[in-house]
Amino acid sequence: MSDFVEAVATRARVGAKQVAEILARHGVRESGIVPRPHHLLVRGLEFTGEKSGKSTGQVAFSWDVGTGLWCVTADNLRGKSSILEIIWWCLRGTDALQADVRKWIHQVRLDAEIDSESFTVRVDTRGDQFSGSLAVGSQPNPTTFTSEAEFASVMGTFMMDRLGLEFLRGWRKDSSVPAENEVDSADGQVVVTSWPAFSHALLCRNRENDALLGQTAGGGMMVSLLQMFVGLPWTTTRRDAKAALDMLQQSVRGERRRAQQDLRARGDSLQRLQDQLAEAHQAVADAEATPSLEAAAEAVEQSAAHLAKLTGQHADLVRAGHQTRQAEEELHETLVLDQARLRDLRETAVAQRFFGALKPTCCPRCSTALAELPHAGLDEKHCHICGSAPAAQAPADTSVVEDLSESIAALQEAHRAARTAARQAARDVAASEAALTQARTALSQAQEAVPRESTLRAHLEIARLEGRIEERREAERRAQQPSALSTEEAVLSEAHKEADKRVTAASAALLDIVSAEICRLSIRLGMTELQEVKLQGNGTLRVTKGDSKTTFTAVTPGEHVRLRIATHLALLRVGRESGVGRHPGLLLLDSPGAQETIDVDLAEVLGQLKSICEETPGLQVITATAKRDLATTVIPADRLKAAGPGEAVW
């Protein structure tokens, strides 16, 4: 057994073998030895595309870089920050590019290496299809991806493996659901820190937020990124144990809540159930003196049989009534249609006779006399208006009308008969329903006549009440707050405490050194009133200036910038000097002269960056700034990508 398992076993007063089993079952990893850091180096970036909107033209950018300090400078909104974002996108697998920039970029290639093993990332966004590949070293077949989700997965898996990073577990409280009490407020879920979170250690944006490192201070992000810069032993163990303990305790709280809800749903108290049990025992004694139940049981049986018979008869009557109503409706519909047809025939015959007898003297539309119309000279067999010769009219055929009239008379008689049958069926159904109601009443009366004090009924009631009392006692036991931690809770709790003690012991001196370095660099960057800085193990930063204590989140935006840059520089420098740094050695620093920092501050920042790169073998810093004159003064021309006034970098 390891010394950590032995220490936890001693603290929890549990056997070492059982402690090891519990820790393994809950995925608590021992991280007493921090893996060696790996070195990430960007070699080159190329991308092409086409601008649209107010900006037009072809995009073609290429930049070869290496170790040390590199800088891209241009006016604001001219593409300098996008260079860093594109590098970060290729390494991370997910982008944070502006929508227009993302639309303009069609093909990207990033060449880089980890521990001298080269890899190339290619991305193609032309058309509607997103695609790309990751080629590593001399491997013959690159890993391809055809969606942004696959891209993120491929890069996440590759970077976590090559940089030797471990997934870190943490616990995030659920603030979206209101807690019913203080205990419920601890509910939440396990969150896992992986490459998308770790990758924030590569990028430093000087934007206004409360995070000292990365983009957010929540969800254990600060601790994860701090672990990237200065790898503290036992941090993973501490987080695993805490997450496992929180999950286990939430499960226990959930079981207790369900038991409490069960108690409320049941309603009856234990005393009430015990009183009912006493009454049931008394009923058993009283039932022993009652006569036999044979007569009452026979009456119930007969009433039930009669009810079953009437139920079947009622169903037949309902079915017959439905068929009768349906037949009556069909006859009525046919009758209405035939009557309408007969009306149409008679009206058509009358109209033909009426209009055929007309002898117009003028045009019915324009009132022109017939003698003046083009067909006025035709004989009487032709129409003097249109000129047509109507066909000889055959004698009217009255047989169709007569046949239809006879059919309608037959239908009327059949409809009257069907309607009478439907009404009779309805009366039969109503009578059957009344008989059913009477039979049900008779059955209920027969059942009520069964003696309540029967011995069998009383014994069944006793058994039921005894079962409910036992269930109630078990529910009350589960609903109670446990007086002590379970064995698993105790082991996980003590594992967290032991790991925390070891983290504190390992980090105290190191964080003091980092804090002193942050303070020294911040003063050089212009915070002349700064007296002391204290970096905590949870990633928070306590600040003392002007004899007043404050925190990183409460200082001015300009002081935010200085403290954030100083923290990155101090962590990189101390991590490398102490040999515990896990940062891969690539830092993308965006706008170090942002906010209200003056030119002297930026010159000092760039000077510090240049110094630390020269002092630290393999370190690579790529920065972007709008202060072109200062950048060209501090950064050698062969390490500078500069755009002229008003010009775009790409």
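Residue D240 is found in helix α8, which covers residues 235-266. The model is predicted.

- D240 is buried, because its relative accessible area is 0% and buried means under 20%.
- Leaving aside neighbours within four places in sequence, D240 is in contact with G27, V28, R29 and R169.

**The sheet**

- An open sheet is formed by 6 strands, and their order is β2-β1-β4-β5-β6-β7.
- The pairing in this sheet is antiparallel.
- The edges are taken by β2 (57-64) and β7 (143-145); each has a single partner strand, so one side of each has no neighbour in the sheet.
- From one strand to the next, the twist averages 10°.
- Strands β4 (residues 105-114) and β5 (residues 117-124) run antiparallel and are joined by 8 bridges.

**Helix α3 against helix α5**

- Helix α5 spans residues 148-162, and α3 packs with α5 at an angle of about 80°.
- The axes of these two helices are 7 Å apart.
- The angle makes α3 roughly perpendicular to α5, because angles of 65 to 115 degrees count as roughly perpendicular.
- On the α3 side the contact involves W89, C90, L91 and R92, which meet F151, A152, M155 and M159 of α5.
- Sorted by class, this contact of α3 with α5 has 7 nonpolar residues, no polar ones and 1 charged residue.

- Helix α14 has 22 residues, numbered 557-578.
- At 1.5 Å a residue, α14 should span 32 Å, and its end C-alpha atoms are 31 Å apart, so the two values agree.
- Helix α14 is mostly covered, with 18 of its 22 residues buried.

Definitions and conventions
Residues numbered from 1 in each chain as written. Predicted model: local features only at pLDDT ≥ 70, side-chain atom pairs only at ≥ 80, totals over all residues. Heavy atoms only, no water. Pairing = 2+ DSSP bridges. Helix = DSSP H or I, 4+ residues; strand = E, 2+ residues; numbered from the N terminus. Axes fitted to C-alpha atoms, helices over the stretch in contact; angles between N-to-C directions. Parallel < 35°, antiparallel > 145°, perpendicular 65-115°, else oblique. Contact = heavy atoms within 4.5 Å. Nonpolar A, V, L, I, M, F, W, Y, C, P; charged D, E, K, R; others polar. Buried < 20%, exposed > 50% of the residue type's maximum accessible area, 1.4 Å probe, protein only. Expected span 1.5 Å × (residues − 1).
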